[in-house]
Amino acid sequence: MTKNASVLAWIDEMKALVNPDQVVWINGTEEQLDELRAEACKTGEMIKLNQEKLPGCYLHRTAVNDVARVEGRTFICSHTKEEAGPTNNWMDPQEAYKMLYDIARGSYKGRTMYVIPYSMGPIGSPLAKIGVELTDSIYVVLNMAIMTRVGDAVWDVLGDSTDWVKGLHCKCDIDEEKRYICHFPEDNTIISVNSGYGGNVLLGKKCFALRIASFQGKNEGWMAEHMLILGIENPQGEIKYVTAAFPSACGKTNLAMMIPPEGYRVKGYKVWTVGDDIAWMRQGEDGRLYAINPENGFFGVAPGTNEKSNPNALATTRQGTIFTNVAQNLDDNTVWWESLDKNPPEHALDWTGEPWNGKTSDKKGAHPNSRFTAPAKNCPCISPEFDKGAGVPISAIIFGGRRASTTPLVYQSRDWNHGVFVGSIMASETTAAATGAVGVLRHDPMAMKPFCGYNMGDYFQHWIDMGKKLGDKAPKIFNVNWFRVDENGHFIWPGFGDNLRVVEWIIKRVEGAVDAEETAIGYVPKAEDINLEGLKDFSIDDLKTILEVDKDKWAKEADEIENYYNTTFGDHMPKELRDSLATLKANCAK
Ligand code: OXD
Ligand code: MN
């Protein structure tokens, strides 16, 4: 418990609003969490899985109307619409509070209010921040206990400070017509009603660590980014850290946990995972940019995770994990999802709990957005720095997207401001599976479009300002594209662990150890500088194809970017980015 007056006053206010039968303070002990697990199993909220094969693992099924983040119902309730900017839904804060309080009023009747004190980042780290989530869901408590650092130690660090984020979650009736995920950046407040799906209700993650934190970062001079953090150790034992931002479904978790190709492993290269989704970055005393992962676990997409794509992620999910909306194998009470292996269970329940025969059914067993919530400490390649509060110094920032053509395998920006431009033009092409309309460009600057808690034009300006502060200590900025296809639509670059070959070139550039070709869009590798040793069925000519920069295609791209800038950001677009666009146009015309 805490004596913090601001916390106690707010909890009293929320208690009067939602009217719970009782209040339980989460203290973070295993005993308390175990009691909650037992209670959730009794009510059917969770299912205990085979404890020999999957010790400490549970399964949960959400309502069928509640399986993903709901961007259309996510709001930034800043004082003016302009502050929320063109990429966010906006609601007037007073109207939003009234609407949300009307929905939440009395909604905990017959239920328990759980008070979760949590730290984003190692408890007590100067880069960490504190939040308190109130919820009526044990599933949320147990997920938060994996994804964040939860418990009494958080109160000790908070003391009587008022610098903490309020989060109210009410399951209500899981009514999608009344589902709202609202952020009040000026009040450090998040209110989420009528959902039980992770991304909408684990308020430490996207809501706090990105939307609220990005706003705090702008005001306090640091950065909250949708980025993985990765350490690459060379055979001499030196580790360089990079961060990378890709839109959802471009393999962030896979890159964060990649296994080096055999030839690299033999030489002694190692990869260390610091984070797979979110980075908080601040300038350190030596002037460099330092990053922590504010989370304590991984909330990963299950389908597609397998021994080949990501053995480390798979190993991470083998204990202490909560699975959501995957299939349940009734023969041995384990879990299954599409492409886990080639042996789907015959006697199973699908993600909705209906009987399902994986050998004969043409329906999916797991929901495509089914998830694992797994403790970071389970990850075989978790960085020894993960739990240290100081953060890791960042040498390079990597942007990327899914582009069938145009964008080369990798290029380096000319300088920081040009790098911010490269991040601002990030886009992915839709795939057939997603929409039917193949190749439609979706802009997702810095992969932050759904997660920036204020006007995105001002966010670009904040990036420019950070560059000024960091000066020549700023990380170098790169862009990668693993997804170029040949004339038959097949990916040319092998991807996965072989992406280390590209990251190695990036690190060499940071060290000034290799030259590059200057092109219209920035620095592109000389083909011979990317190590292809041990790569089967891939020639230097293939590499040259995917390093190619076609000026005509880029001229079209530049027009498209100009249109996007003008129609979306108008006056909020920093001059530095317009200058980079003008340079790109001029370079393509040469
Ligand atoms: C996520 C996302 O769930 O980016 O991490 O959508
Ligand atoms: Mn994400």
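Which residues coordinate the manganese ion (ligand 2)? In this predicted model, where local features need pLDDT of at least 70, side-chain atom pairs count only at pLDDT 80 or more, and totals for chains, interfaces and linings use all residues, residues are numbered from 1 along each chain as its sequence is written. Chains are lettered from A and ligands numbered from 1 in the order in which they are written, and side-chain values use heavy atoms, with hydrogens and water left out.

The manganese ion (ligand 2) is held by Lys206 through NZ, His226 through NE2 and Asp277 through OD, at 2.1 to 2.2 Å. Donors here are N, O and S atoms within 2.8 Å of the metal (3.2 Å for Na, K and Ca), and sites may look incomplete because water is not among the atoms. Along the sequence, the spacing of these donor residues is K-x19-H-x50-D. His226 sits in the loop between β12 (223-225) and β13 (228-233), and Asp277 in the loop between β15 (270-275) and β16 (279-283), so the pair ties together parts that are 51 residues apart in sequence. Helices (H or I, at least four residues) and strands (E, at least two) are DSSP runs, numbered from the N terminus. His226 is buried, with a relative accessible area of 1%, and Asp277 is buried at 9%. Buried means under 20% relative accessible area, exposed over 50%, and partly exposed in between (1.4 Å probe, protein chains only).

Asp277 also takes part in a salt bridge with Lys205, in which the closest N and O atoms are 2.9 Å apart. A salt bridge is a side-chain nitrogen of Lys or Arg within 4 Å of a carboxyl oxygen of Asp or Glu. Lys205 lies in helix α8 (residues 204-220), so its pairing with Asp277, in the loop between β15 and β16, ties together parts that are 72 residues apart in sequence. Lys205 is buried, with a relative accessible area of 6%. Salt bridges that share partners join Lys205, Lys206, Lys252, Asp277 and Glu295 into one network.

The whole structure has 28 salt bridges. One of them joins Asp136 and Arg111, at 2.8 Å from N to O. Asp136 is in the loop between β7 (129-135) and α5 (138-147) and Arg111 in the loop between α4 (93-104) and β6 (112-120), so this pair ties together parts that are 25 residues apart in sequence. Asp136 is buried, at 6% relative accessible area, whereas Arg111 is partly exposed, at 26%.
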